[in-house]
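Here is a protein model to talk through together.

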Amino acid sequence: MDKLTEPELELYNIAQAEMKHAYVPYSHFQVAAVLRTKSGQIFKGVNVENASFGLTNCAERSCIFNYISAGSLADPISEFLIIGGTDDPISPCGACRQVLSEFLPSDATITLTNLTGAVKHMTMVELLPYYFKKKRI
């Protein structure tokens, strides 16, 4: 298993604290995601459930949507960290993997972790091989 670097430890601590904001009245399964841009901006997101489960939003997408809503697309993402109460480092769902592939540069570090500090570092290609890419015109 990998270890957290000092900059990742900062994101880990932010994500762990952010988990309490998750809205999870049905599953009681809190997840948080935090990203850092190349200029150092930090954006956070948590999972938000809904009684109509298809309307639930994952932490990873909440985080990306906050980044986009802030108008920060010109400031590329350099790091992305996800934390959850899983036995092994948490793994994002397929929908989140595809959304991440749209906004994370290929050299961005993706850190999957859990509450015990188990860590797995990945690239976008490792996380989602053969992901859909933007159409070239």
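A quick term before we start: helices are DSSP runs of H or I with at least four residues, strands are runs of E with at least two, and both are numbered from the N terminus. Please keep in mind that this is a predicted model.

Q: What makes up the order of elements from the N terminus on?
A: Reading the runs in order gives α-β-β-α-β-α-β-β-α. In total there are 4 helices and 5 strands.

Q: Why does the radius of gyration agree with a compact globule?
A: The globule rule takes 2.2 Å times the number of residues to the power 0.38. For 137 residues that comes to near 14 Å, and the protein has 14 Å, so the two agree. Along the principal axes, the C-alpha atoms fill a box of roughly 45 × 35 × 30 Å.

Q: How do you know that strands E4 and E5 pair?
A: Pairing needs at least two bridges found by DSSP. Strand E4 (residues 109–114) and strand E5 (residues 119–122) are joined by 4 bridges, so they count as paired, and they run antiparallel.

Q: What lies between E4 and E5 in the hairpin?
A: There are 4 residues between the two strands, and Gly 117 in the turn has a positive phi of about 85°.

Q: What makes a set of residues a nonpolar core, and which residues have the most contacts inside the largest one?
A: The members must be buried nonpolar residues joined through side-chain atoms within 4.5 Å. The largest such set has 22 residues, and Leu 35, Phe 80 and Leu 104 have the most contacts inside it. Elements giving two or more residues to this core are strand E1 (31–37), helix H2 (59–69), strand E3 (77–84), E4 and helix H4 (124–127). H2 gives the most, with 4 residues.

Q: Which residues does Phe 80 touch?
A: Leaving out residues up to four places away in sequence, its contacts include Ala 33, Leu 35, Cys 63, Ile 64, Leu 100, Leu 104 and Ile 110.

Q: Which residues of H2 are called buried, and what covers them?
A: Buried means under 20% relative accessible area. In H2 the buried residues are Ala 59, Glu 60, Arg 61, Ser 62, Cys 63, Ile 64 and Tyr 67. Their cover includes E1, strand E2 (42–46), E3 and helix H3 (94–103). Across the protein, 42% of the 137 residues count as buried.

Terms used: Residues are numbered from 1 along each chain as its sequence is written. This is a predicted model: local features need pLDDT of at least 70, side-chain atom pairs count only at pLDDT 80 or more; totals for chains, interfaces and linings use all residues. Side-chain values use heavy atoms; hydrogens and water are left out. Buried means under 20% relative accessible area, exposed over 50%, partly exposed in between (1.4 Å probe, protein chains only). Contact means heavy atoms within 4.5 Å.
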